[in-house]
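Subject: Structure for you to look at

Hello,

Here is the structure I said I would pass on. My notes on what was found in it follow below.

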Amino acid sequence: MNTIFRKSMLSVAGLAFAGGVFAGPIAAHANPVDGKPVAVAVHTAAPKPQGDQSHIDLNGEQTANAKAIIAATKKAGLPERAAVISIATSLQESKLDNLGHLGDANDHDSLGLFQQRPSSGWGTPEQITNPEYSTTAFLKGLRQVDGWQDMPLTDAAQTVQVSAYPDAYAQWEQQATDLVTQHWNS
């Protein structure tokens, strides 16, 4: 009987301790006057870029294309992370150049900022070479990727793009992040 009582008391003490450990930080933010908890903002930092990073100097047209990607992302109601993934993808696919038909230099029938292909159902050549349309099409694919917000950029981009070079998107994450930081509120 004494052993059962002792084990019961240890269990209760253990629960009280665990409750204090887990509730302690929350209780620490309670308002002592009215006992209501105070809202605590939790900030999650953007993931750090993976691997070696590349950078190119952008001309006016490339910067305008980055701004168009940001505007389309905002219009779609998606967060800055979606714009970072989109710009990094475009940096890899076209260096933010809105590529038209390049003759023999084309990768099949790939066009536009994201090297999307009319033959793969991305849209007509006219649509794909429209920065807002092509970004919206990319974002539609991104939204279909479960957990894209929390996965490494290169994985999210690759799931949408299905590239022969799946890890290549990661090298543009820092420049894409810098562009979004610079132009998101402009």
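The buried residues of α7 are covered by, among other parts, α2, α3 and α6. Please keep in mind that this is a predicted model. The residues of α7 that count as buried are E173, Q175, A176, L179, V180 and H183. They lie on the same side of α7, because the arc they cover around the axis is only 165°. On the face turned away from that buried side, α7 carries the exposed residues T181 and Q182.

**The core**

The largest nonpolar core is made of 34 residues. Those with the most contacts inside this core are I85, I87, L96, F138, L142, W148 and V180. At least two core residues come from each of α2 (60-75), α3 (80-94), α5 (131-143), α6 (153-161) and α7 (173-183). Helix α3 gives the largest share, with 7 residues.

L96 is worth a look in the viewer. Apart from neighbours within four places in sequence, L96 is in contact with L58, Q62, N65, A66, I69, I87, S90, L91, L113 and L179.

**The aromatic pair**

How many aromatic pairs does the count come to? The count comes to 1. This pair is F114 with F138, and it is stacked, because the ring centres are 5.0 Å apart and the planes stand at 10°. F114 is in the loop between α3 and α4 (125-128), while F138 is in helix α5, so the pair ties together parts that lie 24 residues apart in sequence. F114 and F138 are both buried. F138 is also one of the residues with the most contacts inside the largest nonpolar core.

T73 belongs to helix α2. Is T73 buried or exposed? T73 has a relative accessible area of 0%, so it is buried. Leaving out neighbours within four places in sequence, the contacts of T73 are L78, P79, A82, A83, S86, T135, L139 and W184. W184 also has K74 lying over its face, at 5.3 Å from the ring centre.

Regards

Note on methods: Residues are numbered from 1 along each chain as its sequence is written. This is a predicted model: local features need pLDDT of at least 70, side-chain atom pairs count only at pLDDT 80 or more; totals for chains, interfaces and linings use all residues. Side-chain values use heavy atoms; hydrogens and water are left out. A nonpolar core is a set of buried Ala, Val, Leu, Ile, Met, Phe, Trp, Tyr and Cys residues joined through side-chain atoms within 4.5 Å. Buried means under 20% relative accessible area, exposed over 50%, partly exposed in between (1.4 Å probe, protein chains only). Helices (H or I, at least four residues) and strands (E, at least two) are DSSP runs, numbered from the N terminus. Contact means heavy atoms within 4.5 Å. The arc is that of the directions from the helix axis to the C-beta atoms. Rings of Phe, Tyr and Trp (its six-membered ring) pair if their centres lie within 6.5 Å; planes under 30 degrees apart count as stacked, over 60 as edge-to-face and the rest as tilted. A charge sits over a ring if NZ of Lys or CZ of Arg is within 6 Å of the ring centre and within 35 degrees of the ring normal.
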